[in-house]
Amino acid sequence: MATLTEAPSTTHIVPELDPELNPELNPDETPQPSVLTIEDIHRLLPHRYPFSLVDRIIRYVPGKEAVGIKNVSFNEPHFQGHFPGKPIMPGVLIIEAMAQVGGIVVTQMPDLPPGLFMFAGIDKVRFRRPVVPGDQLVMTVELLSVKARRFGKMHGRAEVDGQLAAEGLLTFSLVDL
């Protein structure tokens with residue numbers, strides 16, 4: 001089983017949520033939701049600036065879902081050209097941010113072979129409102145299914161101030177390194 005301290009390109013388990021590493025955790029009980037800092041996220045995901053798009057995980061239920069936040073700042077490089085005088089976060093980056101939140105769930109599934117989770121598909125995505133500097137994007141990603149321990153399907157929602165900004169189905173594949 002992998003641990004949080006290994007290199008970010010491998011599969012990880014948050015130690016305090018792993019019954020093998022934390023004997024006080026009863027594996028028959030549903031683990032309590034967890035919060036992950038940016039440092040924890042960087043141990044789990046390979047993304048770095050300017051493509052690290054999740055600032056904090058505010059809720060994590062192993063094998064089920066994660067809720068992450070992205071504080072949208074005017075200083076982000078994509079706002080220079082998207083769009084001058086009317087900065088709007090590109091929709092593809094909203095989807096990527098949701099995928100990174102989903103990565104927290106899939107990278108910590110137990111007994112996975114080494115590899116890197118990548119997009120295999122994006123379906124039924126809809127954008128409902130613009131995301132602009134100063135917004136806090138709250139992304140909820142729920143694991144719907146896993147096949148052959150190499151493919152996962154998730155439903156993602158991104159909201160700003162309780163209003164739906166984007167949603168869709170995200171499909172992941174574990175690729176060999």
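Lys70 has its place in strand β2; helices (H or I, at least four residues) and strands (E, at least two) are DSSP runs, numbered from the N terminus. This is a predicted model, in which local features need pLDDT of at least 70 and side-chain atom pairs count only at pLDDT 80 or more, while totals for chains, interfaces and linings use all residues. Residues are numbered from 1 along each chain as its sequence is written, and side-chain values use heavy atoms, with hydrogens and water left out.

Q: Is Lys70 buried or exposed?
A: A residue is buried under 20% relative accessible area, exposed over 50% and partly exposed in between (1.4 Å probe, protein chains only). The relative accessible area of Lys70 is 5%. Lys70 is therefore classed as buried.

Q: With the side chain of which residue does the side chain of Lys70 make a polar contact?
A: Lys70 touches several residues beyond four places away in sequence, including Leu53, Met89 and Met139; contact means heavy atoms within 4.5 Å. A polar contact is a pair of N or O atoms within 3.5 Å; within protein, one must be able to donate a hydrogen and the other to accept it, and residues adjacent in sequence count only if both atoms are side-chain atoms. At 3.1 Å, the side-chain partner of Lys70 in such a contact is Glu76.

Q: Which residue of β4 is the bridge partner of Lys70?
A: Strands β2 (residues 65-71) and β4 (residues 136-147) run antiparallel and are joined by seven bridges. Two strands pair if DSSP finds at least two bridges between them. In β4, the partner of Lys70 is Leu137.

Q: Which strands stand at the edges of the sheet?
A: Six strands form an open sheet with antiparallel pairing, in the order β1-β2-β4-β5-β6-β3. An edge strand has a single partner strand, so one of its sides is left without a neighbour in the sheet. The strands in this position are β1 (56-61) and β3 (116-127).

Q: What angle does the direction of helix α2 make with that of β4?
A: Helix α2 (residues 91-106) packs on the sheet and touches β1, β2, β3, β4, β5 (151-160) and β6 (163-175). Axes are lines fitted to C-alpha atoms, for helices over the stretch in contact, and angles run from 0 to 180 degrees between N-to-C directions. The angle between the directions of α2 and β4 is about 55°.

Q: Which element has the highest mean pLDDT?
A: The pLDDT is the predictor's confidence in each residue, from 0 to 100. The protein has a mean of 86, and 81% of its residues reach 70 or more. Among the elements, β3 has the lowest mean (95), and the highest (98) belongs to β2.
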